[in-house]
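Okay, thanks everyone, I'll keep this short. Let me put the model up and we'll walk through the pockets and then the ligand.

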Amino acid sequence: MSGENILALSGGVGGAKLSWGLDNITAKNTLTIIANTGDDFIHHGLYISPDSDTLIYTLAGVNDPERGWGRADETWHTHSTLGQFGIENWFQIGDKDLALHLYRNEQRKKGTSLTEITQHIAQKFGVNSRILPMSDDPVQTIIESDIGHLSFQEYFVKHQSKPCIRNISFNGSTEASISPELKTVIKDNGFKAIIVCPSNPYLSIDPILSIKEIKSFIESSSIPVVAVSPIVGGKALRGPTAKIMHEMDIPVSVMGIAEHYHPLIDGLVIDHKDKIMSSKMQSMGIAVQVTNTVMNCDSDKIQLAQDVVEFSQMISVKKDSL
Ligand code: FO1
């Protein structure tokens with residue numbers, strides 16, 4: 001597989017797992033990951049970019065595999081001391097993680113762009129793949145819920161995804177453009193596959209697709225676009241995906257995912273548990289690959305990455321012969 005350029009779209013934890021697998025099976029500098037920045041926010045005056053950071057920590061192998069976010073072997077002295085001062089601390093920032101946010105803040109003060117900072121940080125952690133924020137412009141995921149309008153982190157962390165969602169919007173996305181770095185990558189691409197990671201489609205992938213230059217690049221390219229379903233056997237492996245689908249009257253199944261991404265995707269990778277729905281999706285014109293999509297260990301991540309890439313190659317052959 002080495003040497004073939006791949007573009008992945010990813011949110012945090014679930015997407016980062018597959019990204020780790022893709023990073024492992026591809027040659028240096030051939031994997032580009034567009035990270036969701038709709039979750040970014042300012043906390044204690046620091047700019048936090050959770051999905052980019054989760055991707056960097058995961059690909060560098062310094063992430064906490066249990067929590068899925070933040071650093072392994074973390075300490076929480078600053079966080080607990082803030083609590084002693086009575087400072088609002090619903091969002092936990094570990095001591096090692098804090099250093100990264102302080103670094104990003106220093107760089108931002110110097111006028112360095114989010115993309116450049118993300119690349120510097122990834123380089124410092126020895127990450128081989130290219131992690132690019134979806135935009136350097138501010139785009140904020142806003143959740144309209146039964147308790148009012150919430151930012152992503154207020155919804156997800158402060159209120160633990162409990163509020164009932166009525167609508168999701170991406171503030172700033174109409175005006176946002178892609179960074180010069182992402183523009184160059186897209187222009188010179190030579191991508192053999194575009195992979196939509198098994199992140200939350202509504203909260204993590206849609207913000208990326210809300211940037212018109214990204215969406216129109218994917219729509220207009222003849223590169224196979226393959227998504228991996230974050231729903232397995234009618235359940236989300238983690239996070240609020242299934243709950244959101246239920247609240248938005250979307251069938252909580254791989255069909256709901258297929259309908260959401262249709263007609264953007266050429267193929268959908270689903271788990272053995274959902275095999276029975278393959279023909280329904282095929283009748284929509286979506287190619288289906290059935291495999292193990294549950295990533296419990298490193299070999300699962302590598303196997304899924306291989307399956308996804310091979311599947312996209314098969315689709316590519318089919319598309320070329322049309
Ligand atoms: N997620 C939580 O559930 N609780 C936290 O306190 C928390 C802190 C945190 C700090 C840095 C960081 O990069 C991520 C952090 N996350 C936390 C994860 C984050 O809120 C979400 O996983 C992503 O935004 C969703 O992809």
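So, the largest pocket has a volume of about 930 Å³, and bear in mind that this is a predicted model. There are 42 residues lining that pocket, and G12, V13, G14, F156 and R238 are the closest to its centre. The elements giving two or more residues to the lining are α1, α2, α4, α6 and α8, with α2 providing the largest share at five residues. If you sort that lining by class, you get 19 nonpolar, 16 polar and seven charged residues.

Now, where does the ligand sit? In the largest pocket. Around the ligand we've got 13 residues, and D39, D51, F91, Q92 and Q153 come nearest. On its own the ligand has 530 Å² of accessible area, and the protein covers 91% of that.

For the shell around the ligand, α6 gives the largest share, four residues, and α2 supplies at least two. By class, the shell has seven nonpolar, three polar and three charged residues.

Last stop, the second largest pocket, with about 250 Å³ of space. Its lining has 14 residues, with K17, T58, N63, P65 and K301 closest to the centre.

Key
Residues numbered from 1 in each chain as written. Predicted model: local features only at pLDDT ≥ 70, side-chain atom pairs only at ≥ 80, totals over all residues. Heavy atoms only, no water. Near = heavy atom within 4 Å. Areas by Shrake-Rupley, 256 points an atom, 1.4 Å probe, with all protein chains shown as cover. 1 Å grid on protein atoms, 1.4 Å probe; cavity = no way out; pocket = protein on both sides within 12 Å on 5 of 7 lines; lining within 4 Å. Sits in = over half its atoms within 2 Å of the grid points. Nonpolar A, V, L, I, M, F, W, Y, C, P; charged D, E, K, R; others polar. Points joined across faces, edges and corners; volume = space filled by probe spheres on them.
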